[in-house]
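Here is a short briefing to read beside the model.

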Amino acid sequence: MTRVNGGRSLSGWAFLAPYALAVVLLIAVPALLNVGYAFTDHTGLTRDPQFVGLDNVRRLTEDTFLADTLEASLFHVSLSVPLRLLAAVGLGLLLAAPRPGGRWFRTAVYLPTVVPDVALAVLFLWVLNPLYGPLNQLLGLFGHPGYTWLSDPTTARVGVVLMLLFPIGEGFVVVLAARRLLDGRLYEAAALEGCGPFGQLRRITLPLLAPVLVLLAVRDTILTLQVNFVPAYVLTDGRPANATLYLPVYIFDQAFEFSGFAYAALITIVLMLITGTIIAVQLLAVRRWRVLR
């Protein structure tokens, strides 16, 4: 028995070894190098960066553009994450039950996720066009003159959020699979006791899916904060008036347009700290909510 357990343990470590090595080489080592570069004068062009102490930190505290960047990023997260989560959960629950044409509807929901980000952003340049874009044409049917979407700070932010509402396929599939794993006898018993569809949703489905919803909220927070570079860069390039100058865009500009590799490394640390703080607040809020319930 000992040999069997030992063999299983060794095979388990052998299976995990490539992933552990990848985490070290692709995540841990670059993260440590990033921290080291943040306290140098590295421009990305020189071979031997010099240690400059807290000079970059002082520059960070005096950077007026950073305040605009933080405000834009936090606004984006507060709007995009709830809407993406609501869309993924709503569509996942709606299409979980067998229905005519359900396979095609599920394919249609997942399809935008496999479209490359650049292609989707270029498509939305057409969708949001103020003269011939279909979105303004649709608003015109209701008597609304439409918006100059990417020229106004507020509507530009909304335009980026609208684009990110379509690639929700991963969250949709997770909710779809989790809902189908729930025991149907629970719903039969609830129906016999007179519990309607909304009561079943509130008393059975959402409580049982709570761990999945928390996971999706955390994932979308990371995604929205750190992987919003392509839509913002292609649609607006941080404009107008820095309204869409999200942290990834600002990091790219500092590193590759202004040769401020070390300063960009420091802002990357700020981005990681903000992401970790928001996730910690989410987890604490969920734990508090579960205790109160």
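L66 touches L60, L247, Y250 and I267, leaving aside residues up to four places away in sequence; a contact here means heavy atoms within 4.5 Å. This is a predicted model, in which local features need pLDDT of at least 70 and side-chain atom pairs count only at pLDDT 80 or more, while totals for chains, interfaces and linings use all residues. Residues are numbered from 1 along each chain as its sequence is written, and side-chain values use heavy atoms, with hydrogens and water left out.

**Nonpolar cores**

- The largest nonpolar core holds 34 residues, and those with the most contacts inside it are L60, L66, F124, M163, L247, Y250 and I267.
- Such a core is a set of buried Ala, Val, Leu, Ile, Met, Phe, Trp, Tyr and Cys residues joined through side-chain atoms within 4.5 Å.
- Two or more residues of this core come from each of α3 (64–94), α5 (117–127), α7, α12 (229–235), α13 (247–257) and α14 (261–292).
- The top contributor is α14, which gives 9 residues.
- A second, separate core has 11 residues, including V175, A178, L213 and L216.

- You will find T148 in the loop between α6 (134–141) and α7 (153–164).
- T148 counts as partly exposed because its relative accessibility is 45%; buried means under 20% relative accessible area, exposed over 50%, and partly exposed in between (1.4 Å probe, protein chains only).
- Not counting residues up to four places away in sequence, T148 touches P130 and T155.
- N129 and T148 are 19 residues apart in sequence, and their C-alpha atoms are 7.5 Å apart in space.

**The chain as a whole**

- The protein chain has 14 helices and 0 strands; these are DSSP runs numbered from the N terminus, with helices being H or I of at least four residues and strands being E of at least two.
- Of its 293 residues, 35% count as buried.
- Among contacts in the protein chain with a separation of 6 or more, 67% come from residues 24 or more positions apart.
- Taken along the principal axes, the C-alpha atoms fill a box of roughly 75 × 70 × 40 Å.

**Surface and charge**

- The accessible surface of the protein chain is about 17800 Å², and 70% of this belongs to carbon and sulfur atoms (Shrake-Rupley method with a 1.4 Å probe).
- There are 21 positive and 17 negative side chains, and the centres of the two sets lie 17 Å apart.
- Lys and Arg count as positive and Asp and Glu as negative, with His and the chain ends not counted; each charge is placed at NZ of Lys, CZ of Arg, CG of Asp or CD of Glu.
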